[in-house]
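Here is a short briefing to read alongside the model.

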Amino acid sequence: LNYDFYCHIGHIPFKSLRKVIADNMAESKYTAPHATAMEEVDTTALWDLRSEMRADAEEQGVKLTFLPFIVMATVKALQKHPSLNSELDEEEADIIVKEYANIGIAVDTDDGLMVPVLKRAEHKDLWQVAKEIEGLTERARSRKIDLADLKGGSFTISNYGSVGGMYGVPIINFPEAAILGVGRMRDVPRVVDGKIVARKVMGLSVSFDHRIVDGAEVAGFINTLKHLFENPGEILEREEPSEE
């Protein structure tokens with residue numbers, strides 16, 4: 001029985017970029033044993049800091065979203081917990097720990113998910129990070145991205161909160177060791193100094209390759225992020241890493 005005759009259905013060719021995405025996701029999911037840790041963080045102070053910096057952002061010609069803050073906080077957390085910034089070389093039985101932060105930013109495009117990479121983020125300030133994210137995102141969505149901009153990542157951030165999600169279980173961008181999922185920031189009631197008040201709260205999810213990283217290290221990574229989001233002035237403090 002030909003159901004196409006009786007039903008209005010569509011057909012989307014499963015090839016090109018969509019096929020590449022599917023193959024990469026399947027390789028990651030069925031190669032790396034995934035585990036995921038989640039936490040809620042109070043981002044009221046971060047919300048306030050971003051609001052205070054909007055005038056400076058306009059002067060810099062930057063559209064200041066929360067993502068540049070998240071990237072910079074992630075870089076600091078990776079420096080403290082470097083096992084999440086690594087990959088496993090199975091042939092050599094070697095865990096390769098990256099001493100640089102090449103942060104992949106998952107971008108939803110009309111043609112599927114792309115992950116352009118912000119290179120050497122540890123050397124960049126907030127404005128540089130914001131401008132590069134904007135440029136990479138624009139080029140990815142217009143299909144003008146260079147292949148080199150899609151390679152060399154050491155850790156990935158999936159900002160599903162930008163489309164309204166609160167929590168997710170992101171799939172690792174293999175062969176990286178971990179990926180950070182960031183949810184939507186929302187107003188929720190919290191107890192502060194014995195009183196119920198409205199606070200800005202954001203959900204975090206970290207999926208990690210359990211062959212490389214243990215849960216305790218991931219918990220420490222999340223706690224570092226939590227501290228930075230609650231004390232966002234520290235996100236902007238720059239400590240130039242050694243070139244050695």
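This is a predicted model: local features need pLDDT of at least 70, side-chain atom pairs count only at pLDDT 80 or more; totals for chains, interfaces and linings use all residues.

The protein chain holds seven helices and 11 strands. Its radius of gyration is 19 Å, close to the 18 Å that the globule rule gives for 244 residues, so the chain is as compact as a globular protein of that length.

**Overall dimensions and burial**

- The C-alpha trace of the protein chain spans about 65 × 50 × 40 Å along its principal axes.
- Of the 244 residues in the chain, 43% count as buried.

- Helix α5 takes in residues 67-80, which makes 14 residues.
- From its first C-alpha to its last, α5 reaches 20 Å, close to the 20 Å expected at 1.5 Å a residue.
- Cover is the rule here, with 11 of the 14 residues of α5 buried.
- Among the buried residues of α5 are Leu 67, Phe 69, Ile 70, Val 71, Met 72 and Leu 78, and Thr 74 also belongs to that buried set.

- Helix α2 covers residues 16-31 and includes Met 25.
- Met 25 is partly exposed, at a relative accessible area of 30%.
- If you want a distance to check in the viewer, the C-alpha atoms of Met 25 and Asn 102 are separated by 20 Å, and the two residues are 77 residues apart along the chain.
- Also in α2 are Lys 19 and Asp 23, four residues apart, about one turn of the helix.
- The side chains of Lys 19 and Asp 23 meet in a salt bridge of 3.0 Å, N to O.
- Both partners count as partly exposed: Lys 19 has 32% relative accessibility, and Asp 23 has 41%.

**The β10-β11 hairpin**

- Strands β10 (residues 186-192) and β11 (residues 195-209) run antiparallel and are joined by seven bridges.
- The two strands form a hairpin with two residues between them, and Asp 193 in the turn has a positive phi of about 55°.
- Asp 187 has Lys 200 as its bridge partner in β11.
- Asp 187 and Lys 200 also form a salt bridge, with their closest N and O atoms 3.0 Å apart.
- Asp 187 counts as exposed at 52% relative accessibility, whereas Lys 200 is buried at 17%.

**Other salt bridges**

- A search of the whole structure finds 13 salt bridges.
- One of them pairs Arg 139 with Asp 149, whose closest N and O atoms are 3.6 Å apart.
- Arg 139 lies in helix α6 (residues 126-141) and Asp 149 in the loop between α6 and β8 (155-158), so the pair ties together parts that are 10 residues apart in sequence.
- Arg 139 is partly exposed at 33% relative accessibility, while Asp 149 is buried with a relative accessible area of 17%.
- Glu 40, Arg 186 and Arg 190 are linked in a network of salt bridges.

**A nonpolar surface patch**

- Met 38, Met 166, Tyr 167 and Val 169 make a nonpolar surface patch of about 360 Å².
- Met 38 is partly exposed, with a relative accessible area of 44%.

Definitions and conventions: Residues are numbered from 1 along each chain as its sequence is written. Side-chain values use heavy atoms; hydrogens and water are left out. Patches are made of residues with over 30% relative accessible area and no salt bridge: like charges are joined within 9 Å, nonpolar side chains (Val, Leu, Ile, Met, Phe, Trp, Tyr) within 5 Å. Accessible areas come from the Shrake-Rupley method with a 1.4 Å probe; for residues, only the protein chains shown count as cover. A salt bridge is a side-chain nitrogen of Lys or Arg within 4 Å of a carboxyl oxygen of Asp or Glu. Buried means under 20% relative accessible area, exposed over 50%, partly exposed in between (1.4 Å probe, protein chains only). The expected span of a helix is 1.5 Å times one less than its number of residues. Two strands pair if DSSP finds at least two bridges between them. The radius of gyration is taken over C-alpha atoms; the globule rule is 2.2 Å times the number of residues to the power 0.38.
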